[in-house]
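Biologist: Please take me on a close tour of the aromatic rings in this model, and then of the nonpolar packing. I'd like to follow it residue by residue.

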Amino acid sequence: MAIKVLRPALLAAASLLVLGAGLAVGADTVADDAYAAGSPAVTPSVVTPSAGTAENSSPVGALFANGSHFCTASVVHSAAGDLVLTAAHCVRDGMAFAPGYHDGVAPFGMWAVTGVAVADGWTSAADPDLDFAFLTVHQAGNPASLESLTGANELGTGRGFDHRITLTGYPDTADSPVVCAGTTTRSGTYQLRVECPGFPDGTSGGPWVTDGAVIGVIGGYQLGGDTPDVSYSAYFDDDIAALYASAAG
């Protein structure tokens, strides 16, 4: 069955649209159960980086809602250059993405989330093996694509369970990311596991990157883990490949 994808310029308050092949797209989906109430409100400063600066390669950033960052996301390569990957349990209303966010500064500004793609099995049953989501983003008045400014990781699927990765995430209580290099192992049939210290609430959705490919995001089992020193991810296989195809158009 062919999958028809809804990719509007703006989706301010659309309801979830369930499509064929177990996919869904829309702007209202499940809220982030792990969102920490009372997180400190922040107003990021916005600067315009010069061409060629180190900040022109920042595909990882923080997700914001209601003035606070609460999860992590990263730019994934797509033809339109407007696609961001995070955990499905991070999806909530009114999200915006700040790539390269650090020390209270959003060097590329805030990018409004205008569309969401999650697997139907997550929407209906919060299946931890489907805890991933693609977000379409837009910045009013900016003719450039997000990816052209920040760079992007390729989506890596079906690559097995044992990898040396770089893991990045934004703790709720910090305004700069934490980064760790670790080795993944298999945990269950469709889960990855990595031991990396210092990844508490807020780091959900943080990308697991190896050789320029993102092969996981913090999520899955126990919404990413019940200790800040061990993180999990749903295994990226045909399910996320199909979801990516629907989201990327």
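**Aromatic rings and nonpolar cores**

Modeller: Phe-64, Tyr-101 and Tyr-170 make up one aromatic cluster. Bear in mind that this is a predicted model, in which local features need pLDDT of at least 70 and side-chain atom pairs count only at pLDDT 80 or more, while totals for chains, interfaces and linings use all residues. Residues are numbered from 1 along each chain as its sequence is written, and side-chain values use heavy atoms, with hydrogens and water left out.

Searching the whole structure gives 6 aromatic pairs (rings of Phe, Tyr and the six-membered ring of Trp, with centres within 6.5 Å; planes under 30 degrees apart are stacked, over 60 edge-to-face, the rest tilted). Phe-64 and Tyr-101 are edge-to-face because their ring centres are 5.1 Å apart and their planes lie at 85°. This pair links distant parts of the chain, 37 residues apart: Phe-64 is in strand 4 (residues 60-65), and Tyr-101 is in the loop between strand 7 (96-99) and strand 8 (105-106). Strands are DSSP runs of E of at least two residues, and helices are runs of H or I of at least four, both numbered from the N terminus. Phe-64 is buried at 4% relative accessible area, and Tyr-101 is buried at 1% (buried is under 20%, exposed over 50%, partly exposed in between, with a 1.4 Å probe and protein chains only).

Tyr-221 and Tyr-232 are also edge-to-face, with centres 4.9 Å apart and planes at 75°. Tyr-221 lies in the loop between strand 17 (213-217) and strand 18 (230-234), and Tyr-232 in strand 18, 11 residues apart. Tyr-221 is partly exposed at 40% relative accessibility, whereas Tyr-232 is buried at 10%.

Now for the packing. The largest nonpolar core has 41 residues, of which Leu-63, Leu-85, Phe-97 and Phe-134 touch the most other members (a core is a set of buried Ala, Val, Leu, Ile, Met, Phe, Trp, Tyr and Cys residues joined through side-chain atoms within 4.5 Å). Elements that each supply at least two residues of this core include strand 4, strand 10 (133-138) and helix 3 (238-248), and strand 9 gives the largest share, 6 residues. Beyond its neighbours within four places in sequence, Leu-63 is in contact with residues including Phe-70, Met-95, Phe-97 and Leu-135 (heavy atoms within 4.5 Å).
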